[in-house]
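Please look over the sequence and the structure first, then read the points below.

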Amino acid sequence: MKIFFFFLFSFFFSLSTQAQCAMCRAALESEDGAVKAEAVNDGIVYLMAIPYILVGVLGYVIYKMRYGKKK
């Protein structure tokens, strides 16, 4: 029961943190930071999307293998 409340608490409450590597911070604080900031954000979205796409494709393949041949 404690685990349930822990997960419930962690989903609804979060801490504001500054998690950025030193190289990213130095690149974004330079003169043309706006262009680089947009590029860094695009890269983060790209890196975040790839695992979801791979898991989705794998789930679809497993679904088709398991339920596709029932005729």
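The points below cover the fold, the confidence, the surface, the aromatic pairs and one cysteine.

The model is predicted. Its protein chain has 3 helices and 0 strands, and buried residues make up 1% of the 71 residues. The structure holds 2 aromatic pairs.

**Fold and confidence**

- Along the sequence, the elements of the protein chain follow the pattern α-α-α.
- The mean pLDDT of the protein chain is 79, and 82% of the residues reach 70 or more.
- Confidence is lowest in α2, where the mean is 72, and highest in α3, where the mean is 87.
- Where pLDDT is low, the predicted coordinates should not be read in detail.

**Surface**

- The protein chain exposes about 7,200 Å², and carbon and sulfur atoms supply 70% of that area.
- A nonpolar surface patch of about 1,400 Å² is made by Met1, Ile3, Phe4, Phe5, Phe6, Phe7, Leu8, Phe9, Phe11, Phe12 and Phe13.
- Met1, one of the residues of this patch, lies in the segment before α1 (2-12).
- Met1 counts as exposed because its relative accessibility is 73%, and the cut-off for exposed is over 50%.
- Phe5, also one of the patch residues, has a relative accessible area of 46% and is therefore partly exposed.

**Aromatic pairs**

- A pair of aromatic rings is described by the distance of the centres and the angle of the planes.
- Of the 2 aromatic pairs in the structure, one is formed by Phe4 and Phe5, with ring centres 5.5 Å apart.
- The planes of Phe4 and Phe5 stand at 65 degrees, so this pair is edge-to-face; the cut-off for that class is over 60 degrees.
- Tyr63 and Tyr67 form a tilted aromatic pair, with 5.3 Å from centre to centre and 50 degrees between the planes.
- Both Tyr63 and Tyr67 lie in helix α3 (residues 33-67), where they are 4 residues apart, about one turn of the helix.
- Tyr63 has a relative accessibility of 48% and so counts as partly exposed.
- Tyr67 is likewise partly exposed, with a relative accessible area of 44%.

**Cys24**

- Cys24 is placed in helix α2 (residues 22-28), the element with the lowest confidence in the protein chain.
- With a relative accessible area of 30%, Cys24 is partly exposed, because partly exposed covers values between the buried cut-off of under 20% and the exposed cut-off of over 50%.
- Cys24 and Lys36 are 12 residues apart along the chain, and 9.4 Å separates their C-alpha atoms.

Methods
Residues numbered from 1 in each chain as written. Predicted model: local features only at pLDDT ≥ 70, side-chain atom pairs only at ≥ 80, totals over all residues. Heavy atoms only, no water. Phe/Tyr/Trp six-rings, centres within 6.5 Å; stacked < 30°, edge-to-face > 60°. Buried < 20%, exposed > 50% of the residue type's maximum accessible area, 1.4 Å probe, protein only. Helix = DSSP H or I, 4+ residues; strand = E, 2+ residues; numbered from the N terminus. Patch = residues over 30% accessible without salt bridge, like charges linked within 9 Å, V, L, I, M, F, W, Y side chains within 5 Å. Areas by Shrake-Rupley, 256 points an atom, 1.4 Å probe, with all protein chains shown as cover. Salt bridge = Lys/Arg side-chain N within 4 Å of Asp/Glu carboxyl O. pLDDT = per-residue confidence, 0-100.
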